Amino acid sequence: MENCILETPLGFAKIVGDDDGISEITILNSEEIETDIIPTILEDCAIQLKEYFQGERSHFDLKLNPNGTAFQKSVWQELAQIPYGKTVSYLDLSRRLGDEKAIRAVANANGKNPLWIVIPCHRVIGSDGSLTGYAGGLSRKQWLLEHESPYKQQTLF
């Protein structure tokens, strides 16, 4: 298993993976040192994340290998279908998975997503449009949604 640390506008991210794919991308809540030499197996992921943050990428093309239960993986597969710049509610996500009563289980699986940004759990919001629950913190969730928004806020002065 290889890993590296990448500096992003939202803090340091840790990427973990091997020949079977990327298994983890997490945002760290501590100061780290960016990896000087990125392992070959993680290079494409690091490049694509940098392109995303530079506004040059809206879709990831990576071999993924997250660890989770069959149910969690089904939720993560559905999350991956949410288009860039769009949001869905937890209720919508539960309905897409075939059981709106499973909303708590869906929200729990969403919160255990091990592939920050690549599987876009930040695109799931409350039914009332509120920014609810995000493992990386609500300020990061808001930043990501604004970053992906087709409507950029203009300053008046």
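Trainee: How many salt bridges are there by this rule?
Mentor: This is a predicted model, and in it the count comes to 4 salt bridges.

Trainee: What does arginine 123 pair with?
Mentor: Arginine 123 forms a salt bridge with glutamate 148, with the closest N and O atoms 2.8 Å apart. Since arginine 123 lies in the loop between helix 4 and strand 5 while glutamate 148 belongs to helix 5 (residues 138-148), the pair ties together parts that are 25 residues apart in sequence.

Trainee: Are arginine 123 and glutamate 148 buried or exposed?
Mentor: Arginine 123 is buried, and glutamate 148 is buried as well.

Trainee: Which residue does glutamate 78 meet in a salt bridge?
Mentor: The side chain of glutamate 78 meets that of arginine 96, at 3.8 Å from N to O. That pair links distant parts of the chain, with glutamate 78 in helix 2 and arginine 96 in helix 3, 18 residues apart. Arginine 96 has 42% relative accessibility, so it counts as partly exposed.

Trainee: And glutamate 51, what is its partner?
Mentor: Glutamate 51 and arginine 57 meet through their side chains in a salt bridge of 2.8 Å, N to O. Glutamate 51 counts as partly exposed because its relative accessibility is 23%, and arginine 57 counts as partly exposed because its value is 21%; the cut-off for buried is under 20%.

Trainee: Changing topic: how many residues are in the largest nonpolar core?
Mentor: The largest nonpolar core has 36 residues, and those with the most contacts inside it are Ile15, Ile25, Leu49, Leu79, Trp116, Ile117 and Leu144. The elements giving two or more residues to this core are strand 1 (2-8), strand 2 (11-18), strand 3 (21-27), helix 1 (40-53), helix 2, helix 3 and helix 4. Its largest share, 6 residues, comes from helix 1.

Trainee: What is leucine 79 in contact with?
Mentor: Leaving aside neighbours within four places in sequence, leucine 79 is in contact with Leu93, Asn110, Ile119, Pro120, Cys121 and Val124.

Trainee: Asn110 is on that list, so which residues of helix 4 are buried?
Mentor: In helix 4 (residues 103-111), the buried residues are Val106, Ala109 and Asn110. Viewed down the helix axis they fall within an arc of 105°, and therefore they line one face of helix 4.

Trainee: What covers the buried residues of helix 4?
Mentor: The cover includes helix 2 (70-79), helix 3 (90-96) and strand 5 (124-125).

Methods:
Residues numbered from 1 in each chain as written. Predicted model: local features only at pLDDT ≥ 70, side-chain atom pairs only at ≥ 80, totals over all residues. Heavy atoms only, no water. Buried < 20%, exposed > 50% of the residue type's maximum accessible area, 1.4 Å probe, protein only. Helix = DSSP H or I, 4+ residues; strand = E, 2+ residues; numbered from the N terminus. Arc of directions from axis to C-beta. Contact = heavy atoms within 4.5 Å. Core = buried A, V, L, I, M, F, W, Y, C linked by side-chain atoms within 4.5 Å.
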